Amino acid sequence: MPLRRLLTRLLLAICIPLILVSTTLLPVLHVHMESRLDSLRAEAKILLNVGQETLTRDINESLTYALAIAEMPELRRYLASQDRAALIDQHNSLSDLSQLSTFLNTLISHNPRYTKLVLIDNQGSEVLRAPKSNETGPRVNGTHHAYTDYFQEAASLLPRDLYISPPGRNLQFELFGNEVIPVVNVSTPIFDATGARRGVVLLSLNWSYLTSALRQAMLLEQSANTLLIDAQGRWLLDEGIPPLNTTSFGSDFATLAPDYWQAMQQRNAGHATVDNHLLRFQTEDIRTQRYRSLSGSIFSENAYYPWKLGVSLPRPTWRSLIEEETTVLWFLLLTYGVAVAFGIFWAFSSQRQRELRQAAQRHAHEVSDLYENAPCGYHSLDTTGRVIKMNRTELTWLGYSDEEVIGHVTYRELITPETRDHFDKAFENVKNNQPGSAECSLLTRNGEQRHVMIKASAFYRDGQFVHTRATVFDLTERKQLEEKLRAQAMTDPLTGVFNRRYLQTQATTEMSRARRENNPIALIAIDIDHFKHINDEYGHDVGDDVLTSFTKIVADLLRQEDLLCRVGGEEFAILLPNTSLSHAEQVAERIRSTVAATPINASEERSEKMLWLTVSLGVTAILTNEKGLKPALKRADIGLYQAKENGRNQVVVNAG
Ligand SMILES: Nc1nc2c(ncn2[C@@H]2O[C@H](COP(=O)(O)OP(=O)(O)OP(=O)(O)O)[C@@H](O)[C@H]2O)c(=O)[nH]1
């Protein structure tokens with residue numbers, strides 16, 4: 001059982017500190033984590049703003065560039081001259097075309113934003129292409145552009161308006177150098193100086209150039225990933241993001257990464273946690289006023305807009321947080337270690353304390369039991385003598401409960417008035433710091449007395465009397481024993497009447513009283529006749545019974561104050577205070593006649609026998625001037641002897 005308790009305490013000692021430390025530290029770490037997340041969100045926001053700025057700037061620059069080309073006077077002039085050239089000067093026209101082509105070739109070759117430039121007349125026929133070498137690719141199907149979206153849309157636009165083919169639509173790629181790159185077609189109408197519509201210029205925007213600039217701008221943070229998706233969920237960057245690294249321009253990102261798509265699709269801007277990454281995104285529409293540069297309106301196909309530009313950053317985990325700050329880890333381990341060590345120390349020390357406490361309690365219980373049930377009484381009194389403490393033994397002697405006594409009665413009240421003085425004296429001594437003892441009689445609840453010896457001392461604290469400490473010994477039994485012994489010393493054990501010694505002691509008292517009061521006092525000597533014969537006939541035991549029965553017969557004939565004593569084997573004497581000789585003779589005669597007339601039952605084993613006794617008596621008066629009983633006894637014996645001599649069963653008075 002103690003082992004199980006110790007194990008339980010050890011378990012608690014480990015668990016409670018762990019819980020306490022965790023509940024203290026975890027909120028701190030949580031706040032730390034939250035602040036890390038806040039800074040991550042802020043970082044994502046900054047990256048997103050940088051991306052947006054980069055995207056806006058690059059598109060604006062690209063569009064401005066496209067407009068600048070469309071508004072080149074050489075281009076306008078050449079297209080205007082096309083109509084006239086047919087009529088006026090074919091040679092000049094061809095010369096202009098050559099110059100323009102060279103110029104545009106140079107322009108496009110040195111500008112990585114665009115992969116090609118195509119000049120188209122109002123009928124959709126290609127007039128010029130730069131660079132000339134770049135004539136391959138999925139969208140190059142000859143020189144007739146009349147049915148293309150970029151021509152049809154741009155052919156009806158106003159000056160400075162632009163049409164942008166949605167990126168990813170029909171997945172346009174072109175061979176650029178040795179690479180196949182995605183392109184986006186940008187077209188704008190061309191007007192001459194008179195405002196007449198002269199054709200359309202098509203520029204293929206190098207989408208890789210644009211998006212790599214975007215990615216570079218947004219990859220300020222090494223672990224950041226850039227996302228650009230159109231309204232249909234198509235991936236608009238030329239590179240994927242981990243783990244979708246194989247994703248390429250035009251891939252169905254909505255299907256490949258449904259979690260990202262779902263998070264971004266529902267709102268225009270915001271942030272979400274996807275795949276342990278913090279995703280922040282916002283909506284971009286290149287057709288809006290915000291993207292305008294020198295252009296008028298920008299047109300495209302509604303179904304592909306707006307785009308979603310986003311950035312994703314890996315969320316910090318508890319592990320990464322701790323790994324980053326190893327001091328926190330060490331602090332945590334140290335704190336847990338100290339807390340658990342303290343807990344274990346507490347478990348063992350509390351177990352030890354518990355054992356000590358139990359031992360102390362056992363000891364206190366034993367002491368209390370000793371105090372309460374000691375064979376003697378214990379009590380404590382305050383300065384006024386009021387009981388402030390009393391053990392069960394003394395309460396039992398008195399017959400009271402502790403509620404009745406303690407704090408309510410003074411000890412003096414429990415002592416008989418006759419012995420109170422003894423107590424008062426002893427109590428004063430004790431109050432004066434001296435040992436005190438008193439032999440008193442206690443009054444019990446039922447009116448009995450209990451003779452006790454009280455031994456007390458004072459308890460002082462800081463020189464001040466606090467209370468007494470008394471031990472009470474019950475002397476009642478001793479007294480009773482003493483009484484019994486005294487009685488035994490004075491009585492005859494067989495018959496229970498007084499013995500010769502008591503007769504002599506008492507005779508001295510009675511003689512002096514008789515002398516004092518001048519009263520007569522008499523003595524009768526009695527001897528059973530032929531008692532030897534009874535012993536011989538019926539045995540010694542029957543003889544004893546006869547002696548006992550005889551004393552009862554005689555005692556019944558006497559007064560209270562008369563003293564019947566056995567002075568020998570079958571010899572008795574009666575001291576009769578305040579009795580004259582003649583009256584004593586009458587008493588003797590009454591005894592003689594009653595004994596002679598009273599049969600005594602002498603029981604034997606199988607039969608019952610009635611015995612008849614006679615007694616001889618000698619009577620004398622005790623003279624007041626006699627020193628002791630001896631002369632009177634002698635006179636009575638002489639009378640008795642004469643009675644025997646005269647034939648027994650008679651009274652002889654010997655006046656002396
Ligand atoms: N049973 C019994 N007998 C006792 C006791 N004390 C004395 N006796 C006997 O009493 C008898 C006394 O005998 P005696 O002195 O000869 O006198 P008696 O037989 O009474 O004759 P008389 O006195 O001459 O009439 C003796 O036999 C004693 O043994 C006693 O305590 N118990």
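Why does Leu11 count as exposed?

1. Leu11 has 12 C-beta neighbours inside 10 Å and therefore counts as exposed. The cut-offs are 20 or more other C-beta atoms within 10 Å of a residue's own for buried, 12 or fewer for exposed and anything in between for partly exposed, with C-beta atoms placed from the backbone. Leu11 belongs to helix α1. Ala347 lies 336 residues from Leu11 in sequence, and the two are 9.0 Å apart in space, C-alpha to C-alpha.

2. On the basis of this note: the model is predicted, local features need pLDDT of at least 70, side-chain atom pairs count only at pLDDT 80 or more, and totals for chains, interfaces and linings use all residues. Residues are numbered from 1 along each chain as its sequence is written.

3. The protein has 18 helices and 24 strands. These elements are DSSP runs numbered from the N terminus, helices being H or I of at least four residues and strands E of at least two. Of the 656 residues, 32% count as buried. Among contacts with a separation of 6 or more, 61% come from residues 24 or more positions apart; a contact requires C-beta atoms, placed from the backbone, within 7 Å.

4. The largest nonpolar core holds 66 residues, of which Leu117, Val201 and Leu203 touch the most other members. Helix α1 (residues 2–70) gives the most to this core, with 10 residues. A second, separate core has 50 residues, including Leu523, Phe550, Cys565 and Ala573. A core here is a set of buried Ala, Val, Leu, Ile, Met, Phe, Trp, Tyr and Cys residues joined through C-beta atoms within 7 Å. Leaving aside residues up to four places away in sequence, Leu203 touches Ala66, Ile69, Tyr114, Leu117 and Val186.

5. Four strands form an open sheet in the order β7-β11-β9-β8, with antiparallel pairing; strands pair if DSSP finds at least two bridges between them. β7 (225–229) and β8 (270–274) are the edge strands, each pairing on one side only. From one strand to the next the twist averages 25°. Within the sheet, β9 (residues 277–284) and β11 (residues 307–314) run antiparallel and are joined by eight bridges. Phe281 has Gly310 in β11 as its bridge partner.

6. Two helices pack on that sheet. Helix α5 (residues 207–218) touches β7 and β11, and its direction makes about 140° with that of β7. Helix α7 (residues 258–265) touches β7, β8, β9 and β11, at about 160° to the direction of β8. Axes are lines fitted to C-alpha atoms, for helices over the stretch in contact, and angles run from 0 to 180 degrees between N-to-C directions.

7. Strand β23 (residues 615–621) is largely enclosed by the rest of the structure, because seven of its seven residues are buried. Both faces are covered, with Val615, Leu617, Val619 and Ala621 on one side and Ser616, Gly618 and Thr620 on the other. β23 pairs with β18 in the antiparallel sense over seven bridges, and Ser616 stands opposite Asp527.

8. The ligand is surrounded by 17 residues, the closest being Asp529, Phe531, Lys532, Gly543 and Gly569. β18 (521–528), α15 (531–538) and α16 (540–556) are the elements that give two or more residues to this shell. The shell divides into four nonpolar, six polar and seven charged residues. In this division Ala, Val, Leu, Ile, Met, Phe, Trp, Tyr, Cys and Pro count as nonpolar, Asp, Glu, Lys and Arg as charged, and the others, Gly among them, as polar.

Notes: Near = placed C-beta within 6 Å.
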